[in-house]
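This briefing is intended for a reader who has the sequence and the model at hand. Please keep both in view while reading.

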Amino acid sequence: MTAVRGASDAAGLGRTRAVAFITPGFLLIGAFLVFPALWTLYLGVTDYRLTGIAAADPQVVGLQNYTDAVADPAFRRSLVLTLAFVFGSAIVGQTVMGFLIASSMRSVPTPVKVVVETLVLLAWILPSSVVAFLWVAFLNRGGGTLSAILQSPGTAWLLEYPMASIIVFNTWRGTAFSMLLFSAALSAVPPSQLETARLAGAGAWERFRDVVFPHIRGHVLTNTLLISLWTFNDFSPYLLTAGGPNHATETLPVFIYQRAIYGGELGYGSAISLIMLVINLVIALFYIRLLRERAS
Amino acid sequence: MAPAQSPRRSARVRRRLAPVVAVLVAGGLAACDSASSSSADPSRNADAKEVSLTVASNAIAGGKNAAEAEWYSSYVIPRFVEAQKAKGVTVTVKFQPSGVDDEQYKAKMALDLKSRSGADVIALDGIWVGEFAEAGYIRPLADVAGSGVTSWDGWSQIPKAVQANASYQDKPYGVPAGTDGRVLYFNKKLFAKAGLPQDWQPSSWQDILDAGARLKGVSGVTPVQINAGTAMGEATTMQGALPLLVGTGAEIYQDEKWQGNTQNVRDVLGFYKELVDKGLMDKNFQLGAKGRDESFAAFAAGKVGILLEGDYFWRSVINPDQGSAPMKSRDADVGYALIPAKSKGAGIRGQDVVSMSGGGGYFLNPNTKYPQQAWELLAFMSSPDAIKAMLGDTAKVTARQDVNTQVLGKDPLLGMISGKVLPLTAYRPGLAVYPQVSQALQQATADIISGKSVDEAAKTYGSAVEKVAGGAEKVASS
C-alpha cells in the first residue's frame, strides 16, 4: 500500500463518489454478514433459549457455553462424525469419483459421455427435498430399492449403516462439481506430453503422477477446499436420518439444529456455530496456504 | 479488526466502517427490542369492518389430524365469516396447516411468536404453556382480549383439571380443547393366533412380557411397541416412560422434586431393557427418523401385537375413515386394556392400573392486530355446536362437559377412557423446565435401546436432570 495517491484512483472517481459506490455493498455485507456474526458471538456468551424465562431475559454467562461444549461428549462425537463425513464423502468420495469419471470420459464416444455427465449432474441439481425422498425410498427397510437389488429384504440401511449411508449419499450427490472441475482441468493437460511420456515407457500411474497431476494440482486444491467447506456445513443428511439413530449421524450442522431449535438452547447453539465458523476458517487458511506454496 | 496499520490508513478504514457500525447499532437495538413486549390495548381495531384472521394448528388435510383440518375449511371458516357478515363485518379467515412432529411444530410457533408474527389463534400443547408464557410469547387471555373473556359462558362447562392444561400460574392463557387418556391396544387376531384371551387385561408388567413372549411365536410380528428413543420426542415420554413411571408409584415431579436416578426410573428403564433383550420390540421403530409413523402403519397392517397409545391413536390414526394409517377392521380386530402398574397396587396412590393425560388448547397471539375478533373466533371454535361439528360421528373427551355427555356414549373406547381412565390418570407438571426433563428421559430410553446398561443410562439421566432443574437439591435420587 505504498502506491502514489493518483495511481490508486485508477477509475478517476474521487473519494466521495468511490465511497458512494461501495456504501451499498458495505451495508449489505454489514447487515447480512457482519451483524449476524457479531450477534452470534454475543448470543454465544448468554444462556439465551428459544422459550422460557431465558428467552425473555437472557443472562450473560461468559465462556460457560464454550467450556460446556468442550466437556460435552455429544459435541465431541459430533465433531468426529463431521470430520469422518467430510473425509469420507468429500475428500475421498467426491474427489476420487469426480476424477475417475472425468478422466474416463475423455476416451469414450460423445453420446456415452453426454449421458453419463447428464446423470451425474442431475444428482447435483435436483432439490434436496426431492433427493432425500428418493434416497429414503431407495434405502427403505420395507421394500426399498437397494434391498430389492441385493435381495436382502428387511435391511434398515439408514439404521444399521447410518454413517456409511450418508457418506455414499453425499458422494453421489456432490460428485458432479468435482467431475466438471476435473474435466476442465484435464483438457488443459497437453496431449503431446502424455504421448511423450507413453513413448518413454511410463505406465498409467507414472503418467498420472508426473504429467497429469502437476497440471491439475491447483484444481485439486481448489476443489478440495470448496467441497470440504460445503460438506462440513451440509445439512441434507438430516433429511435422511434426522441425526439418528441415537445421534449416530449428528454432524455439527444437525447437532446445532437439534440443540438450538429442537432443544431451544439458542445460546449453546450459537457458541457451537462460532466454533464451526472458526473450524471453517482454519480449513480455508490451510488450503490457501497450500495454494500459495504452489504458486511460489 | 485491522491491527498494525499506518495511522492514516486506519483512519480511512474507520471512516469507511462508519456505515457498517451504524447498521450494527441499529440492528442491535432492534434485536434487543424484540424480547420486551408491552401489553397493548385489547380494544385496538375492535370496530374494524375489514378483518383478517389466521388459525394455526398441527393439522393438515390428508395427514395428521385430518378431521381437524377439514373442520376449519368446511365449518369454522364459512360459519364464522357468515356470522360476522350478519354484523356487517367482512372477515377473511385463513387456516395455516402443519403436518409435522409436535416438537417441530412447537419450534415453528415459538419462532413465529418470537418475531411477533404468526397466526392470531394458535393451537399449543398444554405442556408448552409454561415456557411460552415465561418467554412472553403468550399472555393471559384477559391481557390480550380484555376482561370480557372472563364472562364467557363456556368456562362453567370446563372442569378445573382441564382448564389447567391451558393455564399458567392459575391464569387462563387459552381455551382448552379437551383431554385424553392412554391405554394398551392389542390386535385380537394376533392374540388368537398366540393363544391369548380376547378380553386381555394384564395386571402387571410381567403379564405384558408373558404376552409378548407368546406373540413372538407368531411370525412377522413385532410383539410389543412401547415408545422409546429421542426421535419420537414427547411421544416417547407420554406413551412410554411416564405411564410406566406412574406404574412404579412415582410421578416425574412430586414433592417439589424431579425424579432423578431413582429406583423408580431404573425400574422403568429395566422394563425397556427386558423388552429389548427378549427381542419383543423392534429397535427400528424406536430409532428411525419416522419410527412412530412406521409403528402405526405396522399396527394398522396387523403386524404389531401390543401398542401403548392415547385415544388419539384410535380416533386419528387407525380410524378407518379419516385416520393417517387407517385400519378397516379396527372395530372388530383391535382390543384395548388399561395399563397395569408394575405389580398389583404398585402404581401411584396404590393403584393397580395407571394412565397419563394431557391436552392442548387454543391461544391468542398477543401481537394480533384484532384481539377482539380473534377472541370471538376462539370462542366460536369452542362453542358446543362447533365442537360437535368437528366430532361428527366420532367421539373425543372434549373440554366441555355439556358436549361430553352427548358424545362419549357413541364410542366404547372413549366411554372407557372417560369412565375408567380419567378418574385415575395423572398429568404432567405445568413447569417451564418439564420439556427438558422429558428430553433427558427420552435420551435414557434411547440409551437402553442402543445397548447401554440400566445403571449407566440412569446415571446419565440423573446428571442431565440435575443440570436442567438447577441443582441436585431439586432432584430426587435413591
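The structure is a predicted model. Chain B meets chain A through 28 residues on each side. Within chain B, an open sheet is built from 5 strands, and strand β11 (residues 304–310) is largely enclosed by the rest of the structure, because 7 of its 7 residues are buried.

- On the side of chain B that touches chain A, two or more residues each come from α1 (7–33), α3 (102–114), α4 (129–134), α11 (283–287) and α19 (434–449) of chain B.
- Helix α1(B) supplies the largest share of that side, namely 8 residues.
- Sorted by class, this side of chain B comprises 15 nonpolar, 8 polar and 5 charged residues.

**The open sheet of chain B**

- The strand order is β2-β1-β3-β16-β6 (chain B), and the pairing is mixed.
- Strand β6(B) pairs with β16 (residues 360–364) of chain B in the antiparallel sense, over 3 bridges.
- Opposite B:Gly174 stands B:Phe363, a residue of β16(B).

**Partners of β11(B)**

- Strand β7 (residues 182–187) of chain B runs antiparallel to β11(B) and is joined to it by 5 bridges.
- Facing B:Leu184 is B:Leu308 in β11(B).
- Strand β8 (residues 222–225) of chain B runs parallel to β11(B), with 3 bridges joining the two.
- B:Thr222 has B:Val304 of β11(B) as its bridge partner.

**Nonpolar cores**

- The largest nonpolar core contains 176 residues, and those with the most contacts inside it are B:Val121, B:Phe132, B:Leu245, B:Leu269, B:Leu364, B:Leu378 and B:Tyr461.
- Helix α19(B) gives this core its largest share, 8 residues.
- Apart from its neighbours within four places in sequence, B:Phe132 is in contact with A:Thr51 of the other chain and with B:Ala110, B:Leu124, B:Tyr137 and B:Ile138.
- A second, separate core has 11 residues, including A:Ile101, A:Ala102, A:Met179 and A:Ile216.

Key:
Residues are numbered from 1 along each chain as its sequence is written. Chains are lettered from A and ligands numbered from 1 in the order in which they are written. This is a predicted model: local features need pLDDT of at least 70, side-chain atom pairs count only at pLDDT 80 or more; totals for chains, interfaces and linings use all residues. Two residues are in contact if their C-beta atoms, placed from the backbone, lie within 7 Å. Helices (H or I, at least four residues) and strands (E, at least two) are DSSP runs, numbered from the N terminus. Ala, Val, Leu, Ile, Met, Phe, Trp, Tyr, Cys and Pro count as nonpolar, Asp, Glu, Lys and Arg as charged, and the others, Gly among them, as polar. Two strands pair if DSSP finds at least two bridges between them. A nonpolar core is a set of buried Ala, Val, Leu, Ile, Met, Phe, Trp, Tyr and Cys residues joined through C-beta atoms within 7 Å. A residue is buried if 20 or more other C-beta atoms lie within 10 Å of its own, exposed if 12 or fewer, and partly exposed in between; C-beta atoms are placed from the backbone.
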